[in-house]
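User: I've got a model open and want to go through it with you. I'll ask as I go.

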Amino acid sequence: MRQRHERFRPNTMQRSFRPPKQPSGPTSVEPGSLLRRLHEEPQEAINHIAGDIGGRRATSLGEAQAAAYLDGRMRRAGLRVSVDAFRSATGVGWEGLLLALLATAGVALYYWLPLPSLALALWDLAIAVFALLRPGGPLLMRKRPSQNVIATRALTSAPRWRVIVLAPLDSPPSAGRLARALTVGPRALIGRALACGLIVLLAALAILAAPLEVRRALWYAQVAPAAYLVVLAALDLWLARAPATPGAVNHAGALAALLESANTLGALTQTELWAVGLGATSTGAGLADLLRRYPFDREQTLFVGLESIGGGRLSYVTREGLLRQRPADPQLLRLVAAADTADPLIDAEPRPYRSEPTLTRPLQRDRRALTIIGLETDGRPSRRGSPLDTPERVDAEQLDRAVRLVVGLVKQIDSTSYEL
């Protein structure tokens, strides 16, 4: 992909870009015209990204082709576009295999060499904890080029708000729910750290135990957490070789909604719009690079993540997490609910979310963010990891409603005269 290097680097809300050429298309959401475009341009985008390009692993040629397509479409819509290159891990890391090998060797040698085996288990635990606490993706993994596509529609005056709409360029690997639940997100890192800690505890107790039968039982008990580490390592190796899904709902539908929303939102008065296609979302490197390059104002910058658009039930996430749930920004929740109420065709549902992390999960610590997503009845993202996630499976009506919700939310923000 030929990269363009039109750079812009705003540091404050008071500094804005030169006004771009405004699109010649419509700037309001008329039911007839919007529905016609949703059956033409967005479906064309889904067919090209998920059909012609197909699977788009992080850092792959398919991801780069999707970025080039998004670049061209955003320029046609009259937005200013920049492609920011960065390097990212290619997928799951090899530290899982290292932890499994160390744990297996330590457990196998424990009966004859308990102290060296305990030292090996402590080393294993240190690596697992470091991998858990360290930001920035896998520890042991070859890195390859990826990119973010950033399109902006600036104002002629200093903006009051900056809205950043995010959608993934890559698509997930083909994997079942159990494999994804065990390996994707922080659960795998937490599970590995707990397994290594349990091996250390059992090894230390066995050294202190006097009866031989107790020592032998504690030695046998170490097999269970070591086997768990071996299973996770095997799943990592399998996912590293699994083909990427076509990714129509995950996430070509989100990119199509991003394109249509940016094309529709042309007449904002106090809001600067950013439409961002994020690369390498499976490792989080794309979002990390975006935040590193652009030090956005934390109070006046609002993030909206789009995922799994075109399948399931259109929803917006009220809080996210399995054990420790983080709420979405309360003012964004109020405004998205107002947008939903104002347009009866949207019919989105507020829902808590407990599945694998969303795009905006890392932002919820200290940023203002909200996720719009299609969820199945069990609360999981629609068609995530399915090899049948093809363009003909996309629900055009749900895509229509998602665009309406994004447009309505941004217009609610733009019409707000008070501090959010």
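**Charges, cavities and helices**

User: What is the relative accessibility of D378, and how does D378 count?

Analyst: D378 has 40% relative accessibility and counts as partly exposed. Buried is under 20% relative accessible area, exposed is over 50% and partly exposed lies in between, with a 1.4 Å probe and protein chains only.

User: Before we go on, what kind of model is this?

Analyst: It is a predicted model, where local features need pLDDT of at least 70 and side-chain atom pairs count only at pLDDT 80 or more, while totals for chains, interfaces and linings use all residues. Residues are numbered from 1 along each chain as its sequence is written, and side-chain values use heavy atoms, leaving out hydrogens and water.

User: Back to D378. Which residue forms a salt bridge with D378?

Analyst: R380, with the closest N and O atoms 3.9 Å apart. A salt bridge here is a side-chain nitrogen of Lys or Arg within 4 Å of a carboxyl oxygen of Asp or Glu. R380 is partly exposed, at 29% relative accessible area.

User: How many salt bridges does the structure hold?

Analyst: There are 15. One of them joins R75 to D71 at 2.5 Å between the closest N and O atoms. Both residues sit in helix α3 (residues 61-76), 4 residues apart, about one turn of the helix. Helices (H or I, at least four residues) and strands (E, at least two) are DSSP runs, numbered from the N terminus.

User: Which residues of α11 are buried?

Analyst: In α11 (residues 285-293), the buried ones are A285, G286, L287, D289, L290 and R293. Their cover includes strands β1 (80-89), β2 (143-153), β3 (161-168) and β4 (271-278).

User: R326 next. Is R326 buried or exposed?

Analyst: R326 is buried, yet has no salt bridge. The nearest side chain of opposite charge is E320, 8.0 Å away; Lys and Arg count as positive and Asp and Glu as negative, with His and the chain ends not counted. R326 is in strand β7 (residues 326-327). Beyond its neighbours within four places in sequence, R326 contacts R319, E320, R361, Q364 and R365, contact meaning heavy atoms within 4.5 Å.

User: Changing topic: how many cavities of 30 Å³ or more are there?

Analyst: There are 4 in the whole structure. A cavity is a set of points on a 1 Å grid over the protein atoms alone where a 1.4 Å probe fits but cannot get out, and lining residues have an atom within 4 Å of a point.

User: Which helices each supply at least two residues of its lining?

Analyst: α4 (95-109), α5 (114-133) and α7 (186-208). The lining includes L102, S117, D124 and I199.

User: And what lines the second largest cavity?

Analyst: R177, R180, A181, R187, S355, E356 and R380. That cavity holds about 40 Å³ of space. Helix α6 (residues 177-183) gives the most to the lining, with 3 residues.

Notes:
1 Å grid on protein atoms, 1.4 Å probe; cavity = no way out; pocket = protein on both sides within 12 Å on 5 of 7 lines; lining within 4 Å. Points joined across faces, edges and corners; volume = space filled by probe spheres on them.
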